[in-house]
Structure formats: structure tokens, C-alpha cells
Amino acid sequence: MYRYFTPKIVKRALNIWPPFWGAGISIENISSDFQEVSVILKDRFWNRNANRTQYGGSIFSMTDPVFSLMLMGILRDEYYVWDKQSEIDFISPGTTDLHARFVISDAQLAEIKQATKEGEKHFPQFEVYIYDKKGKVVARVNRTLYVRKKPEFR
């Protein structure tokens, strides 16, 4: 499976994935090393709420699989990677297209590899901010992942 798990293929797959496509979410860019991803949520009439602002579920959805898929692309087939927990803090209404930039640093990767080298479970936490067109913060999302080496690599 992982030989087909390239940034180009993941980007195409997510951009035609019905939950993203239907909500107006698209992946703008995935770096060649999977350590950076840019996502946009288009402002469309069908993803607005009763207050005529971006629907909170769509804002949250734009962050859903991203960190997990990034780590899967980085760590490859030696590790299990799953979303474990998430929380969102809605800071201001989204009235334009929204953007998020996801980053996994070298230091975070080193910490994950160190914490899991003997097969232990690790629960790294990642934070991403969602911005409107003017650069105003709309939401902050914290995601906790589950990472563990697969038995055959312990």
C-alpha cells in the first residue's frame, strides 16, 4: 500500500473524497516529505450555517485526517497511526475562504521515533490554526494521535 502513498496520489485522492469535495475542502499542497500540508475550505452557500458563516463541522472536517496521513507518509509501513482525540476552539466566525497549514517538525518526528523505538504507544499532540482571507484566526484545533511500531518492526 505504501508504495502508492505519495504526496501527489494522496492529494488527488483527498480532493475527490466525497466528505472533502462535498464540503468545499481541498488540499492545495503536500510537501514531498509529507511534513507540510496546506488546506483550503471554500466559502460556499451550502457550507454556511444559520448565521451565514462557515459551518463549524466543515471547519473541523478540514483538519480531520491530515496529521494522521502526514505521519503515515513519513513513518511508512513500520507504524500504526490513528487519530485518537481532537478538540476545536472556535475563535471568530469564518466569513471567507479559510486556510490551514499543517506542519510536523523534525523535532516532533525525533520525539515520536524515540518514544516508540521499543514498541511503546505514543500520543503526540499537534496544533493547527485556521485563518480567513485577512489572516484573522477563526479556529484552533488540537489533535492527539496514536502511534506505535507494528509488531514485526519492534
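What follows is a short chat about a predicted model of one chain.

Reader: How many helices and strands are in the chain?

Author: The chain has 5 helices and 6 strands. This is a predicted model, so to speak of the chain is to speak of that prediction.

Reader: What order do the elements run in, from the N terminus on?

Author: The order is α-α-β-β-α-α-β-β-α-β-β.

Reader: What radius of gyration does the chain have, and what would a compact globule have?

Author: The chain has 16 Å. A compact globule of 154 residues would have a value near 15 Å, so the two agree.

Reader: And what box do the C-alpha atoms fill?

Author: Roughly 50 × 30 × 20 Å, taken along the principal axes.

Reader: What share of the residues counts as buried?

Author: Of the 154 residues, 44% count as buried. The chain exposes about 8600 Å², and carbon and sulfur atoms supply 51% of that area.

Reader: Contacts next. Of those between residues at least 6 apart in sequence, what share joins residues at least 24 apart?

Author: That share is 68%.

Reader: Moving to the inside. How many cavities of 30 Å³ or more does a search of the whole structure find?

Author: The search finds 1 cavity of that kind. The largest cavity has a volume of about 50 Å³.

Reader: Which residues line the largest cavity?

Author: The lining consists of Val10, Leu14, Ile27, Ile30, Phe34, Val37, Val66, Leu69 and Met70. By class, that is 9 nonpolar residues, with no polar and no charged ones.

Reader: Which elements each supply at least two residues of that lining?

Author: Helix H1 (7–16), strand S1 (25–30) and helix H4 (66–75) do. H4 gives the largest share, 3 residues.

Reader: Staying with H4, how many of its residues are buried?

Author: 10 of the 10 residues of H4 are buried, so the helix is largely enclosed by the rest of the structure. Among them are Val66, Leu69 and Met70, which also line the largest cavity. The buried residues of H4 also include Ser68 and Gly73.

Reader: What follows H4?

Author: Arg76 follows H4, and its phi is positive, near 65°.

Reader: New topic: Thr116. Where is it found, and is it buried or exposed?

Author: Thr116 is found in helix H5, residues 106–116. Its relative accessibility is 0%, so Thr116 counts as buried.

Reader: Which residues does Thr116 touch, not counting those up to four places away in sequence?

Author: Thr116 touches Tyr79, His122, Val147 and Lys149. As for Arg148, its C-alpha atom is separated from that of Thr116 by 5.9 Å, although the two residues are 32 apart along the chain.

Reader: And Tyr129, where is its place?

Author: Tyr129 is in strand S5, residues 125–131. At 30% relative accessibility, Tyr129 falls between the 20% and 50% cut-offs, so Tyr129 counts as partly exposed.

Reader: What is Tyr129 in contact with, leaving aside neighbours within four places in sequence?

Author: Tyr129 is in contact with His99, Ala100, Arg101, Val137, Ala139 and Arg140.

Reader: What separates the C-alpha atoms of Tyr129 and Gln114?

Author: They are separated by 27 Å, with the two residues 15 apart along the chain.

Methods: Residues numbered from 1 in each chain as written. Predicted model: local features only at pLDDT ≥ 70, side-chain atom pairs only at ≥ 80, totals over all residues. Heavy atoms only, no water. 1 Å grid on protein atoms, 1.4 Å probe; cavity = no way out; pocket = protein on both sides within 12 Å on 5 of 7 lines; lining within 4 Å. Points joined across faces, edges and corners; volume = space filled by probe spheres on them. Helix = DSSP H or I, 4+ residues; strand = E, 2+ residues; numbered from the N terminus. Nonpolar A, V, L, I, M, F, W, Y, C, P; charged D, E, K, R; others polar. Rg over C-alpha atoms; globule rule 2.2 N^0.38 Å. Buried < 20%, exposed > 50% of the residue type's maximum accessible area, 1.4 Å probe, protein only. Contact = heavy atoms within 4.5 Å. Areas by Shrake-Rupley, 256 points an atom, 1.4 Å probe, with all protein chains shown as cover.
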